[in-house]
Amino acid sequence: MVNEEVLTYIENLIPDPQDYIKQMEAFAEKHDVPIMEKTGIEVLLLLLSMQQPKKIVEIGTAIGYSGIRMAVKLPNAEIITIELDEERFQQANLNIKEMGLEERVHTLHGDALSLSEEINKYGPFDALFIDATKAKYTKFFKLYEPMLSSNGIIYTDNVLFKGTVARDRSELKTRRQRTLVRKLDEFNHWLFTLDKYETTIIPVGDGIAVSKRK
Ligand code: SAH
Ligand code: MG
C-alpha cells in the first residue's frame, strides 16, 4: 500500500526478532499462512504497549504468530485466542509450547461465532484483536464488543485488503472477491458510524482499524 521502496526501507530498519519467531515467519511464508505483515505487527505491538492491556482476546490464531508476539511484548498479559482450522490450531499449540508461553496464551479450537459464551467466561477483555475471515468482521465485532472492559480497544486487521476497498470493484475478477470487498467496505463505513466508539484506520501493513470506547 505504501510505496515499495519506502516499505523495504522501513522493514530493513526493524531489528530481527528472536530465532524462533523468525522460524515462524519462514514457516508462514512457506505454507501461505497469512500472519501479520512486518510493519503491521510493529504498529500493533506499539499500540498495545501503550495501552498495556491485561487481557486480550484474539479471533484468528493461525499458527500463533501474533499471539506469541503480543505475549512476548506484554509479559503481564493473558491472551485467549481462537482458531477454526484444526491443523493451524495444532501448529499454534506447538509454537506456544516451544516459546514456553502456554500459561499465558490460551488457545481454543472452533468458530469464534459459536464460542462466544465460553470466551465470555475469560472476560472482560481490555483488547480485542479481530484477524479472521473478513466477511464476518461485523458479526465478530458485534458479538465480542460487549465483552470489553470500559476502556477497551478493538484492533481489526486487514481492513484495507491490499487497497481493494478503495478501488473500483468492477476491476475485481471474481464475484466472490467483489462480495468480500463489498462486505469489508460496509464494515469500515459501519465502524465510523458507531456512537460508542471512535475509530481510525492506520494504513500500515494491510490496514489496521483501531476503535476506542468513547
Ligand atoms: N492473527 C494471525 C493470523 C490469522 S490468519 C497472525 O497474525 O499471526 C486468519 C485465521 O483466522 C486463519 O487461520 C483462519 O483459519 C481463522 N479463522 C477464519 N474464520 C474463523 C472463525 N470464524 N473463527 C475462528 N478462526 C477463524
Ligand atoms: Mg491479518
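Predicted model: local features only at pLDDT ≥ 70, side-chain atom pairs only at ≥ 80, totals over all residues.
Q: Which residues come nearest to ligand 1?
A: The shell around ligand 1 holds 21 residues. By class, ten of the shell residues are nonpolar, five are polar and six are charged. Those that come nearest are Gly60, Ser66, Glu83, Arg88 and Asp131.

Q: Which helix and which strand each supply at least two residues of the shell around ligand 1?
A: Glu83, one of the residues that come nearest to ligand 1, falls within the strand that spans 78-83. The helix spans 65-73. The two elements are helix H4 and strand S2.

Q: How many Å separate an oxygen atom of ligand 1 from an N or O atom in the side chain of Glu83?
A: A polar contact is a pair of N or O atoms within 3.5 Å. A polar side-chain atom of Arg88 lies 2.8 Å from an oxygen atom of ligand 1, and a backbone N or O atom of Ala112 is 2.9 Å from a nitrogen atom of the ligand. For the side chain of Glu83 and an oxygen atom of ligand 1, the distance is 2.5 Å.

Q: What percentage of the accessible area of ligand 1 does the protein cover?
A: Ligand 1 on its own has 580 Å² of accessible area. The space that ligand 1 takes is the largest pocket.

Q: Which element gives the most residues to the lining of the largest pocket?
A: The largest pocket has about 1,100 Å³ of space and a lining of 39 residues, with Val33, Pro34, Ile35, Arg88 and Asp131 nearest its centre. The lining divides into 17 nonpolar, six polar and 16 charged residues. At least two lining residues come from each of H2 (19-30), H4, S2 and H8 (175-191). The element that gives the most, with four residues, is H2.

Q: Is the peptide bond from Gly123 to Pro124 cis or trans?
A: Most peptide bonds are trans. Pro124 lies in the loop between helix H6 (116-120) and strand S4 (125-130). With omega near -5°, the bond from Gly123 to Pro124 is cis.

Q: What is the phi of Gln52?
A: Most residues other than glycine have a negative phi. Gln52 is in the loop between helix H3 (38-51) and strand S1 (55-59). Although Gln52 is not a glycine, its phi is positive, at about 50°.

Conventions:
Residues numbered from 1 in each chain as written. Chains lettered and ligands numbered in written order. Heavy atoms only, no water. Near = heavy atom within 4 Å. Polar contact = N/O pair within 3.5 Å; in protein donor to acceptor, adjacent residues only side chain to side chain. Areas by Shrake-Rupley, 256 points an atom, 1.4 Å probe, with all protein chains shown as cover. 1 Å grid on protein atoms, 1.4 Å probe; cavity = no way out; pocket = protein on both sides within 12 Å on 5 of 7 lines; lining within 4 Å. Sits in = over half its atoms within 2 Å of the grid points. Nonpolar A, V, L, I, M, F, W, Y, C, P; charged D, E, K, R; others polar. Points joined across faces, edges and corners; volume = space filled by probe spheres on them.
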